[in-house]
Amino acid sequence: MAAKIISLPILTLFSFILPLANSIDFHYPTVFNFGDSNSDTVDAMDLPFLNAYLDSIGVPSFRKGCNFATAGSTILPATATSVSPFSFGIQVAQFLRFKARVIELIAKSKKFEKYLPKEEYFDEALYMFDIGQNDLAGAFYSKSLDQILASIPTILVEFENGIKKLYDQGARNFWIHNTGPFGCLPQNVARFGTDPSKLDELGCLSAQNQAAKLFNIQLHALCIKLQAQYVDANVTFVDIFNIKFNLIANYSRYGFEQPIMACCGYGGPPLNYDSRISCGQTKILNGTSATAKGCSDSTEYVNWDGIHYTEAANQYVSSQILTGKYSDPPFAEKMPFLLKLKF
């Protein structure tokens, strides 16, 4: 499996203020987020968390947006062995239902305006995407590298179809992350890295990162195509791979001590990861009770649980995103505020 169903606050600490290519207004009234657990939204600008679409019990507020991302999700439609049934196409369908229902409710009564976005917000919103890692990482359990590389165009056709549906519904501001170096995740290294020849000089899986790089090249090309095709839209591509790979390669420069080993896990060095027991769990392993515990200081670790990054690592990632230099088009000269970056 490519990932556990765990929800962690990751990456998108800048949700409501990101400038895009043709935009002159840096503030977005609403954010709609799509993806897997790499894209769970946190807001560092004194604005509320995005409520999840599937967490609609009670009276949640969706006025500032909605999070459709689900851990383990893929771009391609889910299969019987998928971690999550909520593939990208399902998430887009959920959004379409959400939008239609919002418009219907607002038309019925003004009392819903406190909890729901205005109809015009759907056109003015920021649409964020971080998905595709699980398509690639999960495929290594049953396919060869050549087969995985050959499947990338099909994956991206599915992604493009979803973007088109959103565009046809009025979406104009697209913020698209590429996939990270999942060959450096303890979960994957533990499963596929027992042969040292498969690892690079950093201890990461060469084949997995090769797949990530090719996927990212083709995703970037798709974004350039979309920029030309949708001339009235803002399509921004963000190079998450190089931000994360730079952190792993130069971890000590940024104050970390462990670039790959999980903070919360079981088994100790070098990976502290055991697929049989997830972070926080206690199980009987080989006749003995075992607990996957958190480390004493997570700020020393890049990786949290073998799959996701620590809060400290995500702060670094976010700080680099906000420099604008990892985006196409870049936006550093358009930043509307002074950044107080930790790193």
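**Disulfide bonds and cysteine burial**

Cysteine 263 is buried, its relative accessible area being 2% (buried means under 20% relative accessible area, exposed over 50%, partly exposed in between, with a 1.4 Å probe and protein chains only). Its partner in a disulfide is cysteine 295, at an S to S distance of 1.9 Å (a disulfide is a pair of cysteine sulfur atoms within 2.5 Å). The pair links distant parts of the chain, 32 residues apart: cysteine 263 lies in the loop between strands E6 (258-262) and E7 (282-285), and cysteine 295 in the loop between strands E8 (288-291) and E9 (301-303). Helices (H or I, at least four residues) and strands (E, at least two) are DSSP runs numbered from the N terminus. Cysteine 295 counts as partly exposed, at 21% relative accessibility.

The model is predicted, with local features needing pLDDT of at least 70 and side-chain atom pairs pLDDT 80 or more, while totals for chains, interfaces and linings use all residues. Residues are numbered from 1 along each chain as its sequence is written, and side-chain values use heavy atoms, without hydrogens and water.

A search of the whole structure finds 3 disulfides. Another of them joins cysteine 264 to cysteine 279, with S to S 2.0 Å. Both cysteine 264 and cysteine 279 lie in the loop between E6 and E7, so this pair ties together parts 15 residues apart in sequence. Cysteine 264 is buried at 3% relative accessibility, whereas cysteine 279 is partly exposed at 28%.

Cysteine 184 and cysteine 204 also form a disulfide, with sulfur atoms 2.1 Å apart. Both cysteine 184 and cysteine 204 are buried.
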